[in-house]
Amino acid sequence: MDDNGVLRLRIGQLEEELAEAYRLHFPWAGNLGRWEWHYPSGVVICSPLKLKALGFESGEINPTVHDWTARIHPEDFERTMDMMKRHLLGETPVYEVEYRIRAKDGSYKWFYDRGKVTEHSLEGKPLLIAGIVFDITESKQMEADLKKNVEFKTRLLAIISHDLRGPIGAAGTLLSMMGEMDPADYPTLVESLSQSNSKILNLLENLLEWSKINMERPRVDLQDVGLTDLVAGQLALLKPQTDRKRIEVKLALDDGLEVKADTVMLEVVIRNLLSNAIKFTPPGGLIEIGQTLEPGRADIHIRDSGRGLSPGDMQALRIMQSPFSQKGTEGEIGTGLGLQLCTDFLRLNHGELLIESEAGKGATFTVRLPTT
């Protein structure tokens, strides 16, 4: 091995030692990668550690600045290039930025990149830019998880303090009135208590399922599920509500129709969508449950004859960044957790929830799932 080879080996060892030192002091950062950019030629030389962080071996990426910048995530490209441009023009003392960059397997890693011009030409133009880069993917994921956890807890506390306390408080008020009521009015009181209890129970069930999704990834047990019997079973549970509002329900599903899904999760989805349809269907209205079959998939349509959704409501549902809720035809109040649960559960079951509606013309909620 010649002197240059020995020198390159020693430099590589020093980079490894330096990377280890940085990992000890900054555990949130991944592998350290040193890089140098020869500005006139556009050639970029980087440490094998940087290549390794992206899953590449030496020589698998052309050593040009354009090949590197082409891997930057489109949403981060303009901001990253602007930070470099400002430094090259002398507007900032260093180039410093966080961005996502595409790895060999197509995934994106988060990098923290910092560098500066270390050599200038006689005319004062940049000749050499050198810097270091850290893989901060893990810390970014921790940051995202923490943000999601805080948002979840905030929403959970709001639901418990408002939506759950309300029905419980109402039930307590009704019970306290019993001593002053005429016994002849007890049946009405019992009916009100029953409705309040149903709301509390439904909310608690949704809260538990929603908490399970947000706090731990639930186990999905995919199996062949008979849809007709499952939907009929959920309709039977909701019959008191449909009878009270005199809603006609038409069930038109093929006997023997099966989908691949987790039975418990699918029951939650169907129950929430049916409850939603009942909520928005006026007294004496109609709910239709039908199907559309395609090779490898089944679409289950739940149509109501309610007031429908405005374009703004549809946009809010499409975004689904936070629970969406409206009052029903009789002032029924919900938390909006139902549709969010349906969306999350169907995603876990390799399915999706489709929504079609027009103001004044009802709404159709479609459960799309793979067939057996």
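Which residue forms a salt bridge with Arg86? It is Glu91, with the closest N and O atoms 3.8 Å apart. A salt bridge here is a side-chain nitrogen of Lys or Arg within 4 Å of a carboxyl oxygen of Asp or Glu.

Some housekeeping. This is a predicted model, where local features need pLDDT of at least 70 and side-chain atom pairs count only at pLDDT 80 or more, while totals for chains, interfaces and linings use all residues. Residues are numbered from 1 along each chain as its sequence is written, and side-chain values use heavy atoms, leaving out hydrogens and water.

Back to that pair. Glu91 is exposed, at 52% relative accessibility, and Arg86 is partly exposed, at 33%. Buried means under 20% relative accessible area, exposed over 50%, and partly exposed in between, with a 1.4 Å probe and protein chains only.

The structure holds 15 salt bridges. In another, Arg79 pairs with Asp76, with 3.2 Å between the closest N and O atoms. Asp76 is buried at 4%, whereas Arg79 is partly exposed at 38%.

Asp299 bridges to Arg297 at 3.6 Å.

Now Asp113. Asp113 is buried yet has no salt bridge; the nearest side chain of opposite charge, Lys50, is 4.9 Å away. For charge, Lys and Arg count as positive, Asp and Glu as negative, and His and the chain ends are not counted. Leaving aside neighbours within four places in sequence, the residues in contact with Asp113 (heavy atoms within 4.5 Å) include Trp35, Tyr95 and Ile132.
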